[in-house]
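Here is a short tour of a protein model, written for someone who likes cut-offs stated openly. Please have a look at the sequence and the fold first.

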Amino acid sequence: MTLKKISVLIMAILTPAMGQAKGHEISLSIMLGSDSNPYKFADQYTVQASQYMNLDLKGKVYFSKRWSSILQWQARQYQQNDDWADKEKSSVGLQYKGRSKKRPSAFEVRLEQQDKTYVSRLSGGLSSYSGESLDDRYDYTQLNLKWQKQYNLTRNLAWEYEVKFKQKNYQDFDSLNITDLDYRILTLGNMFEYKINKRQKDEFSVDVSYRFYTHREKVDISGADIANTQLGYIDAALTYEHTLKTSKRHKLAMGLTYEKRVDNGSGYYDNQKAKIEFRSRYRLLGKGSLTTSYQFSDFAYDRESNQGQPGSTDEYSANQKHQLKFNGKVSLNAYLPMNAQWLMGYRFEQVKADKAQYSYERHQLETGLKFQM
């Protein structure tokens, strides 16, 4: 039984019990938009703009002050002959909040499933191997576990640590001799929040993860598999963010992130990524807001680029990405007999990679309504 069917079944079971539970929340977002480049194709391929509809249904049931259940179903459907860009994701989870107010803690377990069509940006279309379609190559089910706890070290300094585990299982192609992408990952995270004053605060975080693949082998420095080995990564991320309240309604934030990956083999997958982000959020009258953000990231493998070699089919060795977002929401409670919001958004992405097939531009413009009960 798929997770979507499980989620629908659980929702049907829980709905009669909502009235007996301590409380519940339900929200539905319906968005209509236009996407200039659904597949992130480079200019050398036919880029077909298309309109789409987004649906986001969330449900939360409170069994007690400590325990709650969460359900979510998301879908995007494009208005075009091919359904390559359509995708669907569903999840079901259980949450627990600790008793202590001075040292708050939380635990969550979540099961997630995604269904989408794999479209190769390298070839500009669908892919197959030995006569078998690879459309479901990146469909997956995923188990997430998370535990977090916070300590107030001083009046102005708080420390939060978390432990996360994820197991991701991709669609199996047992009859084909292709790489199995299934993996597990364990993450240890630490975040420190320092309140400078009523208007400013700093956040520092350090995350270290170990990812190990179930059936994927290490590779040598040229990218060839090494038999009877098991690939693994160590990932580290350092993040700093400064937040400034310029007024009661306006908040600014600036963030810096550095990420480093080291594999347990030849170093073929070793890479690093730097990112900078600026955000602005203005709270409007009547429970509305306008949020703007700009992000730039620079990614590169540590190995030398082989894109100049004739016949190379490897992915990019480096890329740079610009991303600009505008999001707004306006409360409609004064005009409708329910809790509703008008949503609008715009997103621009530009990526330049050392391999031409992975360079692209994309614009997404959308608007819609969100209902909450």
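This is a predicted model: local features need pLDDT of at least 70, side-chain atom pairs count only at pLDDT 80 or more; totals for chains, interfaces and linings use all residues.

Residues are numbered from 1 along each chain as its sequence is written, and side-chain values use heavy atoms, leaving out hydrogens and water.

Let us begin with the strands, which are DSSP runs of E with at least two residues, numbered from the N terminus; two of them pair if DSSP finds at least two bridges between them.

| Pair | Sense | Bridges |
|---|---|---|
| β1 (residues 23–35) and β2 (residues 50–62) | antiparallel | 13 bridges |
| β2 and β3 (residues 67–78) | antiparallel | eleven bridges |

I26 has G59 of β2 as its bridge partner, and Y52 stands opposite Y78 in β3. Four residues lie between β2 and β3 in their hairpin.

The largest nonpolar core has eleven residues, including Y140, L181, V219 and Y268. Such a core joins buried Ala, Val, Leu, Ile, Met, Phe, Trp, Tyr and Cys residues through side-chain atoms within 4.5 Å, with buried meaning under 20% relative accessible area, exposed over 50% and partly exposed in between (1.4 Å probe, protein chains only).

Strand β11 (200–213) includes V206, which counts as partly exposed because its relative accessibility is 38%.
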